[in-house]
Structures are given as C-alpha cells and as structure tokens.
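Biologist: I have not worked with this structure before. Could you take me through the chain and then one of the helices?
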Amino acid sequence: MINAPKDAKSQVLASAQGYVAFVEENKDLFRLMFSMERQPDIYPELLPASREAYSVLREVAQNMSPENCENPQGQLSVETMLWTFIHGYAVLKSNKQFYTANAETGADPKLEDIFPRFLFKNE
C-alpha cells in the first residue's frame with residue numbers, strides 16, 4: 001500500500017506524485033522504458049517488475065468510480081484512463097510542455113488541483 005492516508009483520493013494522488021517524481025528523477029530511464037514496443041519475449045526478466053508496477057495502479061484505481069469514463073467497460077477502462085492521465089501529465093511536465101497551455105505564468109498545473117475533478121467511490 002502507498003504511504004498516504006487511506007482514502008481513495010489520497011491514494012491515487014500519492015501514486016501519481018510517485019510516478020511523476022520517478023520521471024523527474026530518471027528521465028533517461030523513463031524515456032528508454034517507453035521508447036520501444038513492449039516485447040516481453042525479448043526481456044522476460046522485466047515482466048515481474050512491470051506487473052508489480054501495474055499492480056499499484058490497479059489497486060488505487062479500484063476506488064475510482066466507473067463514471068470517470070464515458071463508456072465504462074469495467075475496471076480496465078478506469079485503470080487505462082488513470083494511467084493515461086498520469087503518464088501524459090508526467091511526460092508533459094518532464095518535457096516542459098505545460099508552458100504552452102499556461103503561457104501567462106509558465107507554471108505547471110498541480111496534480112492536486114486536477115485530481116478533484118475525478119470521481120471516487122463513496123464520496
């Protein structure tokens with residue numbers, strides 16, 4: 001479990017912040033990780049680490065509401081939506097691309113300002 005308060009929003013936010021921190025601290029490794037088509041048969045020793053990392057996403061996404069997706073098709077759609085958001089945010093932040101959207105201040109939007117727009121179960 002993630003070291004954050006146990007409510008769904010805190011768990012999701014903490015995992016997202018961890019993902020972004022990893023990207024900022026390991027830019028070259030991150031680029032390498034996502035620079036080629038995933039071919040588990042070439043590097044089968046990486047599969048357990050990949051599954052472990054995804055299990056964190058799966059765990060925190062279980063408390064998100066399917067209404068987050070336009071056409072929810074179960075938990076996979078929620079997981080995909082969350083991963084796409086976090087990964088995209090991390091890539092844009094890492095590449096200093098938010099300036100385009102916020103030219104007046106040049107500031108990156110903060111995750112905690114964006115996440116409240118997500119729906120969580122039992123809220």
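Biologist: What share of the 123 residues in the protein chain is buried?
Modeller: Buried residues make up 28% of the 123, where buried means under 20% relative accessible area with a 1.4 Å probe, protein chains only. This is a predicted model, in which local features need pLDDT of at least 70 and side-chain atom pairs count only at pLDDT 80 or more, while totals for chains, interfaces and linings use all residues. Residues are numbered from 1 along each chain as its sequence is written, and side-chain values use heavy atoms, with hydrogens and water left out.
Biologist: How many helices and strands does the protein chain have?
Modeller: There are 6 helices and 0 strands, taken as DSSP runs (H or I, at least four residues, for helices; E, at least two, for strands) numbered from the N terminus.
Biologist: Turning to H1, which residues are buried there?
Modeller: Ala8, Gln11, Val12, Leu13, Ala14, Ser15, Ala16, Val20 and Val23 are buried in H1.
Biologist: And what covers them?
Modeller: The cover includes helices H2 (27-33), H3 (47-61), H4 (75-94) and H6 (111-114).
Biologist: How far does H1 reach from its first C-alpha to its last?
Modeller: Helix H1, residues 8-25, spans 26 Å with its 18 residues, close to the 26 Å expected at 1.5 Å a residue; the expected span is 1.5 Å times one less than the number of residues.
Biologist: What does the side chain of Ser15 reach?
Modeller: The side chain of Ser15 comes to 2.8 Å from the backbone oxygen of Val12. Ser15 has a relative accessible area of 15%, so it counts as buried.

How values were computed:
Buried < 20%, exposed > 50% of the residue type's maximum accessible area, 1.4 Å probe, protein only. Contact = heavy atoms within 4.5 Å. Polar contact = N/O pair within 3.5 Å; in protein donor to acceptor, adjacent residues only side chain to side chain.
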